[in-house]
Each structure stands twice: as structure tokens, then as C-alpha cells.
Amino acid sequence: MDPIFEVDDVSVEFNVGAGAFAGGAQKLLAVDRATLRIERGECLAVVGESGCGKTTLGRTLIGLYKPSRGRLEFDGKDVSALRGEELRSFRRRVQMVFQDPHASLNPRMKVGEIVAEPLRVHRVGTAKSRKAAVADLLGRVGLPADAANRFPHAFSGGQRQRIGIARALALQPDVIVADEPVSALDVSIQAQVVNLLKGLRAQLGLTLVFIAHDLAVVRYIATRIAVMYLGQIVEIGRTEDVFGAPKHPYTQALLSAVPIPDPDAERMRRRIILKGDLPSPINPPSGCRFHTRCEHCFAPCLTVEPRLIPAGGQLASCHLYDQALEQAA
Ligand SMILES: Nc1ncnc2c1ncn2[C@@H]1O[C@H](COP(=O)(O)OP(=O)(O)OP(=O)(O)O)[C@@H](O)[C@H]1O
Ligand SMILES: [Mg+2]
């Protein structure tokens, strides 16, 4: 095992709610004590409801947010301690693709300038070699070479996302964090862009962190899946294990909403409807965060916070898999 990222007990908090009625600033734990390793060359998907902390985790990985506790290591080095050339190297090696291909491309820059910008900022090559690099990158993402001379508005959503991917590839990164890269696209276009990312990962040996809502897409592209709920990772494991036999009741509910292509299995599918609303991350429930909505909730869930423990082939943070607690209850 040779992880490219090691996330050890990392929390990220924001100050919120300093308004007139809030009684001063409050802390919101957007990521709460996340621990995971990201292996070289894998595609790790991060899934969960809106607001569960996926983007915050992704931005922390690329160094945009600083952990308020815990340790983030990239390639064996503490990210918070990187300086000078090491920090510049980290910023080259970890790139992000954003959700909204309209907002993330500067409308006043030509596509060639957009794709070359990271090279220019990091002072890679000459103007001439950068031009050649742009032509190569556009080819890789399936855009014509003359795209370089046009402005982003001349392109469709799917094409714009290809431009964003070309820009992310410019510095030959090791890792791409793709934050909902296809959520804003038509369903018919989504598969093309997902296939492009899948192909690039194989060709270039990229490590991909793929943040998504759509579990069908995740099943197709991810080698492993991390499921988040209210800032915490509640289940993590290989795609086939998580899809084949989800362990955490939250994962079970999420997956029960995904249609199955086989009509017989689809007829048998039991949809688990979660009761109650998503609690506020500013004042999360005690014990297990999920207990207010869980159909299996038992006494320890109200007070004891579960940790990720082995459950099947994966890890789940659920007391159902804690033998000692189950027997005591
Ligand atoms: N800059 C910020 N300042 C204050 N609170 C924030 C900030 N960014 C995110 N949050 C809060 O942190 C929590 C996690 O947000 P985040 O954007 O990471 O969720 P997400 O899983 O990416 O959601 P979505 O699926 O809607 O993109 C949310 O409650 C959000 O309101
Ligand atoms: Mg998000």
C-alpha cells in the first residue's frame, strides 16, 4: 500500500451565524474527523446528500482549506508544512475540475489561454511550447485544435467541461479532484465526459477523486466509494462491496433509491425512505449523527459516537457491527 494522500482525523470548520439572533459566532464542522487513504491510481468517489461536506473535503485535499485538526499528508509529507518549491510542486501535482463549466471558465479569455494559464502561472515552457501543449491537451480531451482560438461561450456544456479537464491536465498532475464534474450536464452528455475521465485515468495513471450525487455514475467509474453524512465518512470500501452489500443504514437508504436494470430485481427493490429532515451541521445529533433518521437505532446510538469499523469487506461507522455493544444492548 502506497497512498498518495493520507487523511488522518481531519476536521474543517467554518465560523457561521454571527447574525443578530445567533448570539455570536458559531462553528460549523463541515468535515468532522475524516480518516482515509487515497491510493495511487485509484478512483475514489465521495458521495452523500447536499451539504454533507464533499466539496469541503475536496477543497481541503487541494490545499484550499486548512484542517482545524488532524493531519493531511500528500506523498508522505504534511501539507501544512510545505513551503517554497515543495508547495509549488504540490500545487502542480493536485488539480481540480469544478462542477459548473459556465462559471469556472473566464468568458474573456480564449480557450487556448485558459488551458495554457496554469503553464504560464507556473512558468512552464515558452510561449511556443505552451501553444503546442495546448494543441495536444485539446486533442486528449476530444476537442478540435482550432478550439484554442475561440471563446468559451462558443461551446456547449459538455465541451466546456472538456476545456476544464484540459486545463486541469496541463501541469501533468498526479491527482485530479473532480467536484461533481458532470452534474450540470445533460444526461446524454454525462456519459461522454465520465468516459473521458475514465480513459484519462487509465492512460495517464491519474488518481481521481470523484465527487458526485449520482450513484449510477459512481458505480461505473469508481474503484472505491466513501459515503459522507453530516461531515463524517460513514462507510468506505471497494465499489463492489459497497454496492453489493451496503452496511451503513444511510448507504442502504441511498442505494435503495437507485433503479436496478434487471426488471425482476427492480420489482423486488425496497425503497427506504428516510424519516425526518437532515439535521443542522451546526448542532448535530449526539452519539451517531444518523440516529434521528435510522430505522435500526438502539440505545447506544443516542450517546456513543461510532467509529469506522470493519463490516463485510468495507468499513462502516455503525454500532450494528460492534459485537460488544450489540451484546450489551
Ligand atoms: N465557506 C463556507 N463558509 C461557511 N459554511 C460553509 C462554507 N462552505 C461550506 N459550508 C457549509 O459546510 C457544509 C458542507 O458544505 P459542502 O459544500 O462541503 O457540502 P457538499 O456535500 O459539497 O454539498 P453539495 O452537494 O450541495 O455541493 C454545509 O453545511 C455548508 O453550508
Ligand atoms: Mg459540493
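A residue is taken to be near a molecule or strand if its C-beta atom, placed from the backbone, lies within 6 Å of it. The structure is a predicted model, in which local features need pLDDT of at least 70 and side-chain atom pairs count only at pLDDT 80 or more, while totals for chains, interfaces and linings use all residues. Residues are numbered from 1 along each chain as its sequence is written, and chains are lettered from A and ligands numbered from 1 in the order in which they are written.

Around ligand 1 there are 13 residues, of which F14, A30, S50, T55 and T56 come nearest. Two or more residues of this shell are given by each of β1 (3–16), β2 (26–39) and α1 (54–61); helices (H or I, at least four residues) and strands (E, at least two) are DSSP runs, numbered from the N terminus. The most is given by α1, with three residues. By class, the shell around ligand 1 holds six nonpolar, six polar and one charged residues, where Ala, Val, Leu, Ile, Met, Phe, Trp, Tyr, Cys and Pro count as nonpolar, Asp, Glu, Lys and Arg as charged, and the others, Gly among them, as polar.

Strand β3 (residues 43–47) is mostly covered, with five of its five residues buried (20 or more other C-beta atoms within 10 Å of the residue's own, C-beta atoms being placed from the backbone). C43, A45 and V47 are buried on one side of β3, and L44 and V46 on the other. Strands are said to pair if DSSP finds at least two bridges between them. Strand β3 pairs in the parallel sense with β8 (residues 207–212) over five bridges, and A45 has F210 of β8 as its bridge partner. A parallel pairing over four bridges also links β3 and β9 (residues 224–229), in which A226 of β9 is the bridge partner of V46.

Conventions: Buried ≥ 20, exposed ≤ 12 C-beta atoms within 10 Å, placed from the backbone.
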